[in-house]
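Please work through each task before reading its solution.

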Amino acid sequence: MGSTEAPSYLLLLPPVSLPPTPALLRETYGKTVAQVLKEVASHSEESSDAAVLEIALACEHLVNSQRLPRSSLYKKTQDLVAGVYRLICVLATENDINIEDKDGVDVRVLLVAWSPKTTDESVASNLFGPTVSLDVLAQGERPWRFAFGDESEDGEAMVRAFVQAKQQPSSSAQLGQDSTPAITEIAGARHRHVAVGGTFDHLHIGHKLLLTMTLFAVDQTSDQTSYSVTIGITGDQLLVKKKHAGLVESWAERQGSVAKFLNALIDFAPASRYSPPQVNARSDDSPNGKSIDITYASGLVVKHTEIQDPFGPTITDEQISALIISAETRSGGNAVNEKRSERGWNRLEVFEVDVLDGPGEIESVNNDARTNFDNKLSSSAIREKLARKTQGKM
């Protein structure tokens with residue numbers, strides 16, 4: 001295996017009709033995504049890290065939506081992102097493609113406000129995600145070896161628009177927040193401080209969906225004050241009884257993986273306009289006192305906080321107003337709100353991400369298809385796989 005920087009690729013996916021059913025997503029994207037996954041996987045041995053595939057997913061419903069509350073856009077966006085990540089897992093299972101560790105493909109879905117019918121002026125001046133314009137994506141100077149496109153009419157239109165934007169002089173996009181004057185408030189809750197929690201061991205696609213939607217759920221402020229995402233990451237001492245505990249990544253490793261993934265969704269600034277985020281390490285004896293806080297020029301603060309219990313900062317930081325959970329952890333969201341009510345605090349609005357499944361649709365002769373699919377979404381299964389690899393080298 002090589003030791004050079006991981007090769008990186010881009011796939012441009014045009015809009016799909018909503019709601020994005022599994023059948024529709026497979027029909028629209030299946031052939032293209034499968035071919036590109038195979039191509040990128042063939043380059044995975046060139047680096048000690050996974051080859052990177054960034055999927056620029058065109059979201060028509062996000063065009064000219066910058067002033068809408070994220071809560072009003074959450075469900076459509078979650079359904080689409082979850083559907084695409086689910087399709088990736090299905091296709092990777094069918095084609096025996098590794099998307100779960102450093103020997104495979106690191107897939108990231110990027111949200112692009114683009115439509116073949118209209119131009120989104122509202123995001124043209126914003127260099128920070130999670131939602132960006134096609135122009136900002138094209139001029140971001142990411143080190144892609146190749147950009148792949150879809151052969152449909154809308155897919156070809158998206159490629160042409162991307163190439164045109166790539167060839168134009170760098171736009172006047174701003175490093176800071178959108179300076180457009182505030183408009184009349186639109187109905188819907190706005191959340192300036194959003195939280196999520198998890199172990200995030202051996203970051204997999206289920207984690208990526210959870211983190212993407214947490215980042216999406218926070219509303220940018222219009223008065224230059226900070227807004228934040230709190231990522232509660234389980235402390236090492238709480239994981240010592242996990243199966244293959246020796247292969248559980250350290251808190252620092254898990255925090256680094258989360259930060260790397262989120263940065264790919266946040267910072268699209270080209271080198272000429274790049275402003276490195278400020279990193280502040282906190283460590284004190286107070287509850288949730290250990291944290292790596294990363295502040296971007298947009299005003300966004302990402303707090304990677306070590307947690308020692310199921311509640312984390314949600315019961316020590318009153319300003320948090322929303323919590324992102326998976327559908328299988330609803331009881332945890334209820335418990336958090338009970339604790340906040342006991343303190344006389346406002347209850348959190350709870351947003352869910354889908355539990356990714358789909359073995360019933362896997363068209364594979366492999367009798368272990370269900371297991372193989374599930375293993376791509378399980379940290380314990382990834383550790384089991386790594387343990388087998390380690391034993392095989394002994």
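**Exercise 1.** Identify the bridge partner of Ser228 in β10, and describe how β10 is paired with other strands.

*Solution.* Step 1: Ser228 has Val301 as its bridge partner in β10. Step 2: strand β7 (residues 227-234) and β10 run parallel and are joined by 8 bridges. Strands are DSSP runs of E with at least two residues, numbered from the N terminus, and two strands pair if DSSP finds at least two bridges between them. Step 3: β9 and β10 run antiparallel, with 5 bridges; Ser291 stands opposite Thr305 in β10. Step 4: β9 and β10 form a hairpin with 4 residues between them, and Gly299 in the turn has a positive phi of about 105 degrees.

The model is predicted: local features need pLDDT of at least 70, side-chain atom pairs count only at pLDDT 80 or more, and totals for chains, interfaces and linings use all residues. Residues are numbered from 1 along each chain as its sequence is written, and side-chain values use heavy atoms, with hydrogens and water left out.

**Exercise 2.** Determine how many residues of β10 are buried, and on which faces they lie.

*Solution.* Step 1: buried means under 20% relative accessible area, exposed over 50%, and partly exposed in between (1.4 Å probe, protein chains only). Step 2: in β10, 8 of its 8 residues are buried. Step 3: in a regular strand the side chains alternate between the two faces of the sheet. Step 4: Leu300, Val302, His304 and Glu306 are buried on one side of β10, and Val301, Lys303, Thr305 and Ile307 are buried on the other.

**Exercise 3.** Classify the aromatic pair of Tyr9 and Phe146, and state whether each residue is buried or partly exposed.

*Solution.* Step 1: the whole structure holds 6 aromatic pairs. Rings of Phe, Tyr and Trp (its six-membered ring) pair if their centres lie within 6.5 Å; planes under 30 degrees apart count as stacked, over 60 as edge-to-face and the rest as tilted. Step 2: the centres of Tyr9 and Phe146 are 6.2 Å apart and their planes stand at 20 degrees, so the pair is stacked. Step 3: because Tyr9 lies in strand β1 (residues 8-13) and Phe146 in strand β5 (residues 144-148), the pair ties together parts that are 137 residues apart in sequence. Step 4: Tyr9 is buried, at a relative accessible area of 0%, whereas Phe146 is partly exposed, at 47%.
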